[in-house]
Amino acid sequence: NSSKFHHIIVNAPGVTYNLASNNLYVNGNFTLQAGNFNQNGYTVNMGDGNGTDYMYVSGSAVYTIGANGTLKMGNNATVSVYDGGQFFAVGTDNANPAVITRQLTGTYAFEVESLGNFAAQHYQFEYMNANGIYLKDGAVLNSTYNLSDGVFSNGPAGGTFLTLENI
């Protein structure tokens, strides 16, 4: 079971969208400007691997992977969290992690820009590009979900798993 969409824009202050019974396929961009999006233990396949597809999380938006949820990135896809957007990759324990990985082959970018908020605990991050999870100057790392109790794996040769730039 799955739902397939091409280019999603969510601008719904105060509204929460939960995946309830299907995985989600996004071919193209996913823009979350306001509102909450919760994977609820399901898989989101982000991008189709052709060209560059973007997931933007900004403004008052909150994106949550959650326990047993998996965000599968297409080749050359990018997550960009900025300008007040919040991204949570928080599982309940190491047996029930929040996962960010690739769909089939290749790598992806994950960037937290100035004023973007990033939270991670009980996670598994793998197959990122050479910058790994990249928290840029002015990015905010959550003080509770602060990259604790997680695993980085399958990084590119000569790359890094985590890049911190004056946060």
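Predicted model: local features only at pLDDT ≥ 70, side-chain atom pairs only at ≥ 80, totals over all residues.
Start with the fold. The protein has 15 strands and zero helices. The C-alpha atoms fill a box of roughly 35 × 35 × 30 Å along the principal axes. For 167 residues, a compact globule would have a radius of gyration near 15 Å, and this protein has 14 Å, which agrees.

Now contacts. Take pairs of residues in contact that are at least 6 apart in sequence. Of those contacts, 65% join residues at least 24 apart.

The surface next. The accessible area is about 7500 Å². Carbon and sulfur atoms account for 44% of that area. As for charge, there are 4 positive and 10 negative charges. Their mean positions lie 13 Å apart.

Look at β9, residues 108–112. How many of the residues of β9 are buried? Five of the five, so this strand is largely enclosed by the rest of the structure. In general, side chains in a regular strand alternate between the two faces of the sheet. In β9, Tyr 108, Phe 110 and Val 112 sit on one side. Ala 109 and Glu 111 sit on the other. Both faces are covered, and note that the buried set includes Glu 111.

What does β9 pair with? One partner is β6, residues 78–81, in the parallel sense, over four bridges. Within that pairing, Thr 78 stands opposite Ala 109. Another partner is β12, residues 128–135. That pairing is also parallel, again with four bridges. There, Tyr 108 has Met 128 as its bridge partner.

Next strand: β3, residues 43–46. Thr 43 and Asn 45 point one way from β3, Val 44 and Met 46 point the other way, and all are buried. β3 pairs with β2, residues 23–38, in the parallel sense over three bridges. Tyr 25 is the bridge partner of Asn 45 in that pairing. β3 also pairs with β5, residues 70–73, parallel, over four bridges. Val 44 stands opposite Leu 71 there.

Stay with Asn 45 for a moment. Is Asn 45 buried or exposed? Its relative accessible area is 8%, so Asn 45 counts as buried. What does Asn 45 touch, leaving aside neighbours within four places in sequence? Leu 24, Tyr 25, Val 26, Lys 72 and Gln 103.

Now Ala 120, in strand β10, residues 117–121. Its relative accessible area is 0%, so Ala 120 is buried. Beyond four places in sequence, the contacts of Ala 120 are Ala 89, Val 90, Phe 125, Tyr 145, Asn 146, Leu 147 and Ser 148. Compare sequence and space for Ala 120 and Thr 107. They are 13 residues apart along the chain, and their C-alpha atoms are 20 Å apart.

Then Tyr 17, in strand β1, residues 2–18. At 39% relative accessibility, Tyr 17 counts as partly exposed. Setting aside residues up to four places away, Tyr 17 touches Val 10, Ala 12, Asn 36, Phe 37 and Asn 38. Asp 137 lies 120 residues from Tyr 17 along the chain. Their C-alpha atoms are separated by 30 Å.

Last, backbone angles. Most residues other than glycine have a negative phi. Which residues here have a positive value? One is Asn 40, with phi near 60°. Asn 40 is in the loop between β2 and β3. With a relative accessible area of 43%, Asn 40 is partly exposed. Another is Asp 83, with phi near 50°. Asp 83 sits in the loop between β6 and β7, the latter spanning 86–90. At 49% relative accessibility, Asp 83 is partly exposed too.

To close, a quick recap. The protein has 15 strands and zero helices. β9 is largely enclosed by the rest of the structure, since five of its five residues are buried. Thanks, that is the tour.

Methods
Residues numbered from 1 in each chain as written. Heavy atoms only, no water. Helix = DSSP H or I, 4+ residues; strand = E, 2+ residues; numbered from the N terminus. Rg over C-alpha atoms; globule rule 2.2 N^0.38 Å. Contact = heavy atoms within 4.5 Å. Areas by Shrake-Rupley, 256 points an atom, 1.4 Å probe, with all protein chains shown as cover. Lys, Arg positive; Asp, Glu negative; His and termini not counted. Charge placed at Lys NZ, Arg CZ, Asp CG, Glu CD. Buried < 20%, exposed > 50% of the residue type's maximum accessible area, 1.4 Å probe, protein only. Pairing = 2+ DSSP bridges.
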